[in-house]
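This report covers helix packing, nonpolar cores, strand pairing and salt bridges. The sequence and coordinates are shown first.

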Amino acid sequence: VTLHHIFSAEERYASRFSSTEPKKWLGEIEKPSLTQLRNRAKASGNALCEAARQAKAGKVIHSVFDSKNWAINIEVLFVQVINHANEHRAQVMTTMTQIGVEPPDLSGWAWAEALKKMSVK
């Protein structure tokens, strides 16, 4: 349920940067498979990375949320994307630890090392 929530929100955040919407939102799929979650997470993650590459400081994003029209500074939207993901990923990692599963290292260091963007010399 938590992963479904995280990736559904990430998909909605990504759509705010591009003004595009999927035919059916991930959040509308009652019980998505792990494959569906993985594919949609990959797509929204790639879209967010592209949005970050193209971002211009001070840009205002116009979006409808809770039946209200919002004007959101792009930096605020990026902060929310990161904050939301961190909060819920921490919950998932805590749950994993509580059931005896060692959670993966999700630090920025591990990410950079996995992408070969840093190394030990």
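The sections below describe a predicted model.

Helix 2 covers residues 34–54, 21 residues in all. From its first C-alpha to its last it reaches 30 Å, close to the 30 Å expected at 1.5 Å a residue.

Its buried residues are L37, A41, S44, L48 and A51. Viewed down the axis of helix 2, these fall within an arc of 90°, so they line one face of the helix. They pack against helix 1 (2–18) and helix 3 (74–98). On the other side of helix 2, the exposed residues are R38, K42, R53 and Q54.

## Nonpolar cores

The largest nonpolar core consists of twelve residues: A9, Y13, A14, F17, L48, A51, I61, I72, I74, L77, F78 and V81. Helix 1, helix 2 and helix 3 are the elements that give two or more residues to this core.

Another core lies apart from the largest one and has six residues, including I6, I29, L37 and A41.

## Strand hairpin

Strand 1 (residues 60–65) pairs with strand 2 (residues 68–73) in the antiparallel sense, over six bridges. One of the bridge pairs joins V64 to N69 in strand 2. The two strands form a hairpin with two residues between them, and D66 in the turn has a positive phi of about 50°.

S8 lies in helix 1. Its relative accessibility is 6%, under the 20% cut-off, so S8 counts as buried. Leaving aside residues up to four places away in sequence, S8 touches L26 and G27.

## Salt bridges

The structure holds three salt bridges. In one of them, E10 pairs with R89, with the closest N and O atoms 3.6 Å apart. This pair links distant parts of the chain, since E10 is in helix 1 and R89 in helix 3, 79 residues apart. E10 is buried at a relative accessible area of 11%, whereas R89 is partly exposed at 29%.

R40 and E11 meet in a salt bridge with an N to O distance of 2.6 Å. Because R40 lies in helix 2 and E11 in helix 1, the pair ties together parts 29 residues apart in sequence. E11 is buried, at 9% relative accessible area. E50 forms a salt bridge with R53, the closest N and O atoms being 3.1 Å apart. Both E50 and R53 lie in helix 2, three residues apart, about one turn of the helix. E50 is partly exposed at 32% relative accessible area, and R53 is exposed at 59%.

Note on methods
Residues are numbered from 1 along each chain as its sequence is written. This is a predicted model: local features need pLDDT of at least 70, side-chain atom pairs count only at pLDDT 80 or more; totals for chains, interfaces and linings use all residues. Side-chain values use heavy atoms; hydrogens and water are left out. Helices (H or I, at least four residues) and strands (E, at least two) are DSSP runs, numbered from the N terminus. The expected span of a helix is 1.5 Å times one less than its number of residues. Buried means under 20% relative accessible area, exposed over 50%, partly exposed in between (1.4 Å probe, protein chains only). The arc is that of the directions from the helix axis to the C-beta atoms. Contact means heavy atoms within 4.5 Å. A nonpolar core is a set of buried Ala, Val, Leu, Ile, Met, Phe, Trp, Tyr and Cys residues joined through side-chain atoms within 4.5 Å. Two strands pair if DSSP finds at least two bridges between them. A salt bridge is a side-chain nitrogen of Lys or Arg within 4 Å of a carboxyl oxygen of Asp or Glu.
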